[in-house]
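Subject: Structure handover

Hello,

Here is the structure for you to look over. My notes follow below it.

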Amino acid sequence: MDMLRAHLIPWAHTIFGDDEWTFQQDGAPAHKASETQDFLRDNCPDISRSTSTSAMPTANGRSTAPISKLDYAIWSILMEKACQKPHPNVESLKRALKKAWKEITLVDLVKIVDNFPKRLQACIDTNGGHFE
């Protein structure tokens, strides 16, 4: 929490002022910890959680749609390229991820960006419910 309190919140106030903004995070265990979630609910106007296949309940009881955000699409490419085999240590994984990152092409990025409006429309069509 110290890092979020010391860096995220002041940065967000500087960048967004009184405007609404969304803090996006993935489903890593540390991000789902109740202390982290409490802090984010208390300090961020909106929180977006990235989930792979299922909706995640929010504080008000509604579920968030599993929209694959742009970075989620990038992660799937990285995982496909860098995680085909187990890595003996963290350094090996880091090297594989950096190599995979360098291999992402402009064509890949254009496809991801071009597909994003379709994902948003699917979310709208299901009123924020589940979609593939």
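Start with Leu 8. Beyond its neighbours within four places in sequence, Leu 8 is in contact (heavy atoms within 4.5 Å) with Met 3, Phe 23 and Cys 44.

A note on the basis. This is a predicted model: local features need pLDDT of at least 70, side-chain atom pairs count only at pLDDT 80 or more, and totals for chains, interfaces and linings use all residues. Residues are numbered from 1 along each chain as its sequence is written, and side-chain values use heavy atoms, leaving out hydrogens and water.

Next, the helices (DSSP runs of H or I, at least four residues, numbered from the N terminus). Helix α1 (residues 2–16) packs against helix α3 (residues 34–43) at about 30°, with axes 12 Å apart. Axes are lines fitted to C-alpha atoms over the stretch in contact, and angles run from 0 to 180 degrees between N-to-C directions. So α1 is roughly parallel to α3 (angles under 35 degrees count as such). Leu 4, Arg 5 and Ile 9 in α1 meet Phe 39, Leu 40 and Asn 43 in α3.

Then there is Ala 82. Ala 82 is found in helix α4 (residues 70–82). Ala 82 and Ala 96 are 14 residues apart in sequence, yet 5.0 Å apart in space, C-alpha to C-alpha.

Best wishes

Technical notes:
Helices (H or I, at least four residues) and strands (E, at least two) are DSSP runs, numbered from the N terminus. Angles under 35 degrees count as roughly parallel, over 145 as roughly antiparallel, 65 to 115 as roughly perpendicular and the rest as oblique.
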